[in-house]
Amino acid sequence: MGMRKKKILFVIPSLAGGGAEKVLVLILRNLDRGLFEPVVVAFEAKNDYKADMPGDVSVISLGKKGRLDNLRLAFSLSRSIRNERPDLICGFTYYANYVAAIAKRLSGSRVPLVFTEHNNLTLIINSMRFPSLKRALIRRFHRDAAGVVCVSRGVKDDLVSNWGIPERKCVVINNPVEIENIRRLADERPVHPWSGDDIPVIVACGRLTEQKNFSLLLNAVSSVSKSCDVRLIIIGEGAQRPALLSLAKELGVSDRVDMPGFQANPFKYMASATVFALSSRWEGFGNVIVEAMACGAPVVSTRCPFGPDEIITDGVNGLLVPSEDAHAMAEALSELIGNASARAGLSKEGRKRAEDFGARKIIAEYEGLFGSLLRASRAASRTGVYRVQNRLQDR
């Protein structure tokens with residue numbers, strides 16, 4: 001056809017282990033190379049996904065020096081925009097979004113800018129320092145976005161209701177999972193002293209942060225352990241490790257809890273779990289729920305905003321319990337641990353549900369969005385009128 005590939009500059013704070021980072025890696029692995037040429041700019045050099053990155057994608061690191069480095073980052077990114085001359089810029093996470101918006105202005109580029117929102121923006125900003133300043137910045141820079149990808153309906157509703165983002169700019173695209181790759185990795189047997197035991201093992205996975213609320217899970221496991229021998233493996237790393245270890249000791253369950261840190265292959269743990277549990281206070285989507293379903297693990301999740309209740313039909317392909325309710329979590333875990341047929345039913349339906357989020361299907365939606373924004377941008381450059389929002393409505 002002779003069409004020039006469109007270069008997309010993906011901007012992300014880092015490629016350290018996390019949900020948004022994993023989504024970007026899956027997009028890079030599956031994006032149609034006949035149409036698009038991806039380049040990544042990361043603020044920090046840390047990359048937990050080197051082994052999964054496609055060889056044809058260059059990653060430019062801006063060498064972030066600290067929390068107050070934002071302005072230098074914006075200038076460095078503006079240089080990368082001028083050097084790379086992308087056809088479209090796509091920010092990953094709210095922080096990358098607003099640095100990309102500043103950098104685009106500094107660079108003088110007029111290419112479309114896409115934001116992707118991967119979390120409950122209202123709750124995450126309210127939990128940070130200087131929330132008023134951050135709210136003002138985010139509201140201001142969202143005006144520069146040609147389109148906003150929301151990973152769940154809840155994220156979209158939050159942006160429209162609480163942030164004043166026009167609904168016409170927002171597109172819901174759920175997070176992708178590579179089902180076949182997950183199942184291949186799930187077939188590996190975990191090298192763990194508990195993996196061969198008959199004792200029930202609950203598995204959880206996520207950064208050790210306030211958002212993930214692993215303290216609730218420790219309290220629930222403490223309750224369950226009073227009536228049944230049980231183990232808990234929490235996969236992930238983060239600032240709350242010392243506090244969680246201390247709580248496990250205080251609850252008297254240290255010998256029942258293992259926290260092996262970040263694992264390149266968490267799926268082998270999920271596949272061998274008696275139950276997979278998500279205890280979050282909030283999410284953007286809840287990737288790990290779909291990943292655990294793909295591995296065949298029965299899932300119990302808090303009904304936190306947003307994502308779990310968009311993935312799970314309670315009692316059909318998983319169980320939902322109220323957020324911040326350790327008693328309800330303990331009851332759901334006990335119910336499944338004691339009922340093999342209920343676990344089998346949730347496992348079967350969960351596997352089916354996971355198929356709805358297959359990477360090829362989801363990334364085709366990204367490609368469709370990128371294509372519509374690029375066409376709108378070309379039309380705008382010819383007419384001098386920017387009609388991206390109308391194009392988004394037409395999709």
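Thr-93 is placed in the loop between E4 and H3. In this predicted model, Thr-93 has a phi near 85°, a positive value in a residue other than glycine. At 17% relative accessibility, Thr-93 counts as buried. The points below cover backbone geometry, aromatic rings, the nonpolar core, cavities and selected residues.

**Backbone geometry**

- Most residues other than glycine have a negative phi, and most peptide bonds are trans.
- Besides Thr-93, with its positive phi near 85°, Arg-85 has a positive phi, of about 50°, although Arg-85 is not a glycine.
- Arg-85 lies in the loop between helix H2 (70–84) and strand E4 (88–92).
- With a relative accessible area of 68%, Arg-85 is exposed, whereas Thr-93 is buried at 17%.
- The peptide bond that joins Pro-305 and Phe-306 is cis, with omega about 0°.
- Phe-306 is located in the loop between E12 and H12.

**Aromatic pairs and the charge over a ring**

- A pair of aromatic rings is described by the distance of the centres and the angle of the planes.
- The structure holds 10 aromatic pairs.
- In one of them, the ring centres of Tyr-94 and Tyr-98 are 6.3 Å apart and the planes stand at 45°, so this pair is tilted.
- Tyr-94 and Tyr-98 are four residues apart in helix H3 (residues 94–107), which means that about one helical turn separates them.
- Tyr-94 is buried, with a relative accessible area of 14%, and Tyr-98 also counts as buried, at 8% relative accessibility.
- Phe-285 and Phe-357 form an edge-to-face pair, with 5.5 Å from centre to centre and 65° between the planes.
- Phe-285 lies in the loop between strand E11 (275–278) and helix H11 (287–294), and Phe-357 in the loop between helix H14 (340–354) and helix H15 (359–383), so the pair ties together parts that are 72 residues apart in sequence.
- Phe-285 and Phe-357 are both buried.
- One aromatic cluster is formed by Phe-10, Phe-36, Phe-92, Tyr-366 and Phe-370.
- Arg-231 has its charged end over the ring of Trp-194, at 5.6 Å from the ring centre.

**Nonpolar core**

- In soluble globular proteins, nonpolar side chains tend to be buried together.
- The largest nonpolar core has 70 residues, and Leu-77 and Phe-276 are those with the most contacts inside it.
- H3 supplies the largest share of this core, eight residues.
- Leaving aside residues up to four places away in sequence, Leu-77 touches Leu-9, Val-11, Val-41, Leu-62, Val-99, Ala-100 and Ala-103.

**Cavities**

- Rolling a probe the size of a water molecule over the atoms shows where empty space is left.
- Two cavities of 30 Å³ or more are present in the structure.
- The largest cavity holds about 50 Å³ of space.
- The residues that line the largest cavity are Pro-190, His-192, Trp-194, Ser-195, Val-201, Val-203, Ile-233, Tyr-269, Ser-272 and Ala-273.
- Trp-194, one of these lining residues, is also the residue whose ring lies under the charged end of Arg-231.

- Glu-310 is found in helix H12 (residues 308–311) and is buried, with a relative accessible area of 16%.
- Not counting residues up to four places away in sequence, Glu-310 touches Ser-152, Arg-153, Gly-154 and Arg-353.
- The C-alpha atoms of Glu-310 and Arg-153 are separated by 7.9 Å, although the two residues are 157 residues apart along the chain.
- Ser-301 belongs to strand E12 (residues 299–302) and counts as buried at 0% relative accessibility.
- Beyond residues up to four places away in sequence, Ser-301 touches Leu-278, Ile-289, Pro-308, Ile-312, Leu-319, Leu-320 and Val-321.
- Asp-32 is found in the loop between helix H1 (19–30) and strand E2 (36–42), where it counts as partly exposed at 31% relative accessibility.
- From C-alpha to C-alpha, Asp-32 and Ala-364 are 8.6 Å apart in space, while 332 residues apart in sequence.

How values were computed: Residues are numbered from 1 along each chain as its sequence is written. This is a predicted model: local features need pLDDT of at least 70, side-chain atom pairs count only at pLDDT 80 or more; totals for chains, interfaces and linings use all residues. Side-chain values use heavy atoms; hydrogens and water are left out. Rings of Phe, Tyr and Trp (its six-membered ring) pair if their centres lie within 6.5 Å; planes under 30 degrees apart count as stacked, over 60 as edge-to-face and the rest as tilted. Helices (H or I, at least four residues) and strands (E, at least two) are DSSP runs, numbered from the N terminus. Buried means under 20% relative accessible area, exposed over 50%, partly exposed in between (1.4 Å probe, protein chains only). A charge sits over a ring if NZ of Lys or CZ of Arg is within 6 Å of the ring centre and within 35 degrees of the ring normal. A nonpolar core is a set of buried Ala, Val, Leu, Ile, Met, Phe, Trp, Tyr and Cys residues joined through side-chain atoms within 4.5 Å. Contact means heavy atoms within 4.5 Å. On a 1 Å grid over the protein atoms alone, a cavity is a set of points where a 1.4 Å probe fits but cannot get out, and a pocket is an open set with protein on both sides within 12 Å along at least five of seven lines; lining residues have an atom within 4 Å of a point. Grid points are joined across faces, edges and corners, and a volume is the space filled by probe spheres set on the points.
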